[in-house]
Amino acid sequence: MGHDDKKAKSSQVIDQSLKQVYDQMLEEKVPDRFLDLLAQLKEQENSGSRESGQ
Amino acid sequence: MSASDPRDEIVEHLPALRAFALSLTRNGALADDMVQDALVKAWTKIHLFEPGTNMRAWLFTILRNTYYSNRRKAGREVADVDGIHTEAVSEKPAHDGRLALADFKVAFDQLSDQQREALILVGASGFSYEEAAGMCDCAVGTIKSRINRARARLAELMQLDENEALELTDNATMAVVAGPKSATI
């Protein structure tokens, strides 16, 4: 059925495009500010360390 | 002090977090601010994370909550979109792969937040419907219908119904639409 074929085709185009766009975003280099932030958070905790367990 | 701090894992999820943030905000600077907020929250609220569960899903949930609460605070219906995607379609080539991907980006930007997030979570990030429903705090059926509606809307915006000969020609497509990396200022 032509209609279903078109539908399948259109889903395929959408899915592939979605993946490509997402992968493009994933491949972007993570800015240093985030690594720095994580390092800072860790450091803060270590210096003012008061373990308040869970 | 436990030998393995689950927070050590956070760094691995940074690319995915940024991609999700960008999908929601469609604005590079805003997305990164949001990721930063989410990281601080995740770090300080790690006791709320259940070991053994999906860390990425947990981080995405925090990010998502940050997005919606920021938006409510800002009192805006629509976030500013800086055109990271719209710039890709400076001109319309014939109906081919390039157009398909460029059109997709523009069409994607026009979906509602809920449709975009459902598509990204399930269609791109590989979460199950159930996981996505948990993250969006809604029913599985709701996620499914958002995705269906998103697909239908995309097909309509991309006029896929009328043009069946669409093929994605990967390399050419990427070369054309990749453009300059969207710098965060």
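Colleague: At what angle do helix α2 and helix α3 of chain B pack, and how far apart are their axes?

Modeller: Bear in mind that this is a predicted model. In chain B, helix α2, which covers residues 28-44, packs against helix α3, residues 55-74, at an angle of about 125°, and their axes are 9 Å apart. The two helices, α2(B) and α3(B), are therefore oblique to each other, and α2(B) passes α3(B) in a right-handed crossing.

Colleague: Which residues make that contact, and how do they divide by class?

Modeller: From α2(B) come B:Met34, B:Val35, B:Asp37, B:Ala38, B:Lys41 and B:Ala42, while α3(B) brings B:Leu59, B:Ile62, B:Leu63, B:Thr66, B:Tyr67 and B:Asn70. Sorted by class, the residues of this contact of α2(B) with α3(B) are eight nonpolar, two polar and two charged.

Colleague: How should I read the pairing of α2(A) with α2(B), and what is the angle there?

Modeller: The angle is read together with a cut-off, since values under 35 degrees count as roughly parallel. Helix α2 of chain A, residues 32-47, and α2(B) pack at an angle of about 25°, with their axes 11 Å apart, which makes α2(A) roughly parallel to α2(B). The crossing of α2(A) and α2(B) is right-handed. On the chain A helix the contact is made by A:Phe34, A:Leu37, A:Leu38 and A:Leu41, and on α2(B) by B:Val35, B:Gln36, B:Leu39, B:Val40 and B:Trp43. This contact of α2(A) with α2(B) has eight nonpolar residues, one polar residue and no charged ones.

Colleague: How many residues of chain B are in contact with chain A, and which elements of chain B take part?

Modeller: The size of an interface is often given as the accessible area lost when the parts come together. Here we can count residues: 36 residues of chain B are in contact with 27 residues of chain A. On the chain B side, the elements that give two or more residues are α1 (14-25), α2, α4 (97-109), α5 (113-124) and α7 (140-157). That side of chain B, the one that touches chain A, divides into 25 nonpolar, four polar and seven charged residues.

Colleague: Into which domains is chain B divided, and what lies at the contact between them?

Modeller: Chain B is divided into domain 1 (7-76) and domain 2 (94-177), and 10 residues of domain 1 are in contact with nine residues of domain 2. For the side of domain 1 of chain B that touches domain 2, α1 and α3 of chain B each supply at least two residues. The residues on that side of domain 1 divide into five nonpolar, three polar and two charged.

Key:
Residues are numbered from 1 along each chain as its sequence is written. Chains are lettered from A and ligands numbered from 1 in the order in which they are written. This is a predicted model: local features need pLDDT of at least 70, side-chain atom pairs count only at pLDDT 80 or more; totals for chains, interfaces and linings use all residues. Axes are lines fitted to C-alpha atoms, for helices over the stretch in contact, and angles run from 0 to 180 degrees between N-to-C directions. Helices (H or I, at least four residues) and strands (E, at least two) are DSSP runs, numbered from the N terminus. Angles under 35 degrees count as roughly parallel, over 145 as roughly antiparallel, 65 to 115 as roughly perpendicular and the rest as oblique. A crossing is left-handed if the near helix is turned anticlockwise from the far one by less than a right angle, and right-handed if clockwise. Two residues are in contact if their C-beta atoms, placed from the backbone, lie within 7 Å. Ala, Val, Leu, Ile, Met, Phe, Trp, Tyr, Cys and Pro count as nonpolar, Asp, Glu, Lys and Arg as charged, and the others, Gly among them, as polar. Domain bounds come from an automatic or database domain assignment.
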